[in-house]
Amino acid sequence: MAALTTAGPSKSGLTPPPLQHLSLRHRLAERGLDRMIWLALPGFLFVLALFVYPAVYGIMLSFQPNDESGVFGNYVEFFTDKYLFDTIGNTFRIALPAALFNVMAAVPLALVMRGRVRGKRTINTILIVPISLGTVLVAEGLLTYLGPQGWLNRTLMAVGIIDEPLRLVHNMWGVIISLIITGFPFAFLLTLSYITGINPKMEEAASTLGAGPWQRFSKVTLPLVAPGLAITFCLTFVLAFSVFPSAVLLGNPAGDSHVLSVAASQAAFQRYDFPLATTISIITAVVELTVVALVLLWRSRMYRGSSAGKG
Amino acid sequence: MNSTDFSELRLEGVSRTFGRSAALTDLSLTVERGEFVALLGPSGGGKSTALNCLAGLLPLTGGTISLDDRRIDLLPPERRGFGMIFQNYALFPHLTVRGNIAFGLKMRKVPKDEMERRVDSALELVQLTEHADKQPGQLSGGQQQRVAIARAVVVEPPIVLMDEPLSNLDAKLRHEMRAEIRRLHKTLGLTTVYVTHDQEEALSLADRLVVLNGGRVQQIGTPEEVYLEPVNSFVADFMGYRNLLEMTAMGVDGDRLRLVGEGIELAAIPGDLDALNGPVTVAMRPEDLIVGQPMENQFRAIVTSVEYQGRDFEVQAVASSGAKLFLRTEKRLAIDQAISIGIKPDRIMVYPASSSLADGQSLRAHEREAV
């Protein structure tokens, strides 16, 4: 004991290291900055070259119209030309129902599939396969399947439900159906992972407190999964909003499926007006981001913590 | 709706199988109003299965549950109205403490002002009034469990079910909460079915214990009965009879049952054991083995390990046969020391050899007796 207490701190052992040098390194390390950061450099350059530069270039380009209409000429043209301006509404009319349907249909299915279900893997595979099919393949399939002479119309007529074929292709319905087929798997997978993250004990607790199935869903599951559904909606909405191939193949690109991306493509490759095409793309991005921002604003007012059951 | 108005909860032959494995077999139990019953057993013993069957979270595969004359085992949980407290609290993270406690009252469509009043008094009861507007995530584990208790009892359920409510808390908090649960049970006049694997917890809380193993009832009785007179070597082992020796009964000599084996000779009190000859399991508590005092049963052993436990020492020793013995003593012993161990004849429990798990025959006799 005596030896321990008298030994004390040795003078040489406690000489402080060069303070400034050490504290700078420590301060950087505190913020996660060390030599590892250099690994991020290639990615950073990549983003700079392939995303930031083209975006800035595009924004600049949109302010340089081909004609002599001034800096905002392209924007003025877009918002005054009814045929162009209507593309915003057309795109919303297609993207909004598709995204909403995808999210709302994913919820009940995910609720069923989170438990123990016979053949769960097979069902999941079938649900996910459309992701791997190209849009064009889906479009070609739907053209014949949903067309006036397709199985669906022929069956419905044979059964006597309808007298003349439903018009499901070469209009916005074809585009919406195609967006649902390709977008639903994404929505389902995301929703499933959000819903399985909720501790089932919470619903059991609700049931012992007197909550029936609907109340358990509306008062416990839905509030907990809503932030995830907001994200899911944003993703499927953005995917649907930039729809191009199915709008051209399955829709009526001169009429109700004249969406923003079709307008941009026509401006670029039929009128060779790249500044106008860029303008339309930027307007697309702004509209998309506005919707996403609104949804995220709404989401920020929900409970977003852990729903694994323990605080 | 005064649902606390009942006189007994009756389980008859309640069974639950999962595929081909039986999680709970033939549980029959009557819980009187106001009683505190603990289901005790190791994990996989069937106690949580029993509780979930009682709550309605798990359908039965056999038997009936009734509240007085009303059969309830076919009702979904929300129509049984039992309060349940979970091991992981299962609080609603998106609701405040107040919102959590009010949940059950909202589901019952209790008028607003009455709801406020009852939530306030429940908050007071669990001493969380000042935390009423916090989110559950901002509370400590003990506070969260108190919210869960308040949430369950505020609806005045006929039965409160508790599924290992204290096992996520640290030792000190566990003691405090144990007292709190006992207090709430008394002051609110609850009828409680409590699941635990902790025998100390069960002994201190319950009016009656149900010891389960392998899905079967081993013993039903008051804490004293189960602690002092375990009906088989499984219950004895679970109740702290750590010394289980396989010995041979050599018949009764006077008022003593003679036991031989493991190089030891013991004299026990002959109980109502059928076979007084043949292989038996002998159970002795560590604290009943007394070191270095001349008494009736004496045998020698060598100390192999000594653990300081504060109040006393936990000592392991081997008998001459190599049988391992556990004892507790206040004497400071040294490793390799030869000691003389004694035990009072009435503290030696004798069971038919391996009477624990699968021995349904003798168990059923005990069950009948206990029920």
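Colleague: Hi! What kind of model is this?
Modeller: It is a predicted model, where local features need pLDDT of at least 70, side-chain atom pairs count only at pLDDT 80 or more, and totals for chains, interfaces and linings use all residues. Residues are numbered from 1 along each chain as its sequence is written, while chains are lettered from A and ligands numbered from 1 in the order in which they are written.

Colleague: Thanks! At what angle do helix 11 and helix 14 of chain A pack?
Modeller: At about 175°, with the axes of helix 11 (residues 213-241) and helix 14 (residues 274-299) 10 Å apart. Helix 11 and helix 14 of chain A are therefore roughly antiparallel (angles over 145 degrees count as that).

Colleague: And which residues make the contact?
Modeller: Among them are A:Phe233 and A:Phe237 of helix 11 and A:Val291 and A:Trp298 of helix 14. Contact means C-beta atoms, placed from the backbone, within 7 Å. The residues of this contact divide into 12 nonpolar, no polar and 2 charged.

Colleague: Switching to chain B, where is B:Gly13?
Modeller: B:Gly13 sits in strand 1 (residues 8-18) of chain B.

Colleague: Is B:Gly13 buried or exposed?
Modeller: B:Gly13 counts as exposed because it has 12 C-beta neighbours inside 10 Å; the cut-off for exposed is 12 or fewer.

Colleague: What does B:Gly13 touch?
Modeller: Leaving out residues up to four places away in sequence, B:Gly13 touches B:Asp26, B:Ser28, B:Gly62 and B:Gly63. The C-alpha atoms of B:Gly13 and B:Gly63 are separated by 4.5 Å, though these residues are 50 residues apart along the chain.

Terms used. Helix = DSSP H or I, 4+ residues; strand = E, 2+ residues; numbered from the N terminus. Buried ≥ 20, exposed ≤ 12 C-beta atoms within 10 Å, placed from the backbone. Contact = placed C-beta atoms within 7 Å. Axes fitted to C-alpha atoms, helices over the stretch in contact; angles between N-to-C directions. Parallel < 35°, antiparallel > 145°, perpendicular 65-115°, else oblique. Nonpolar A, V, L, I, M, F, W, Y, C, P; charged D, E, K, R; others polar.
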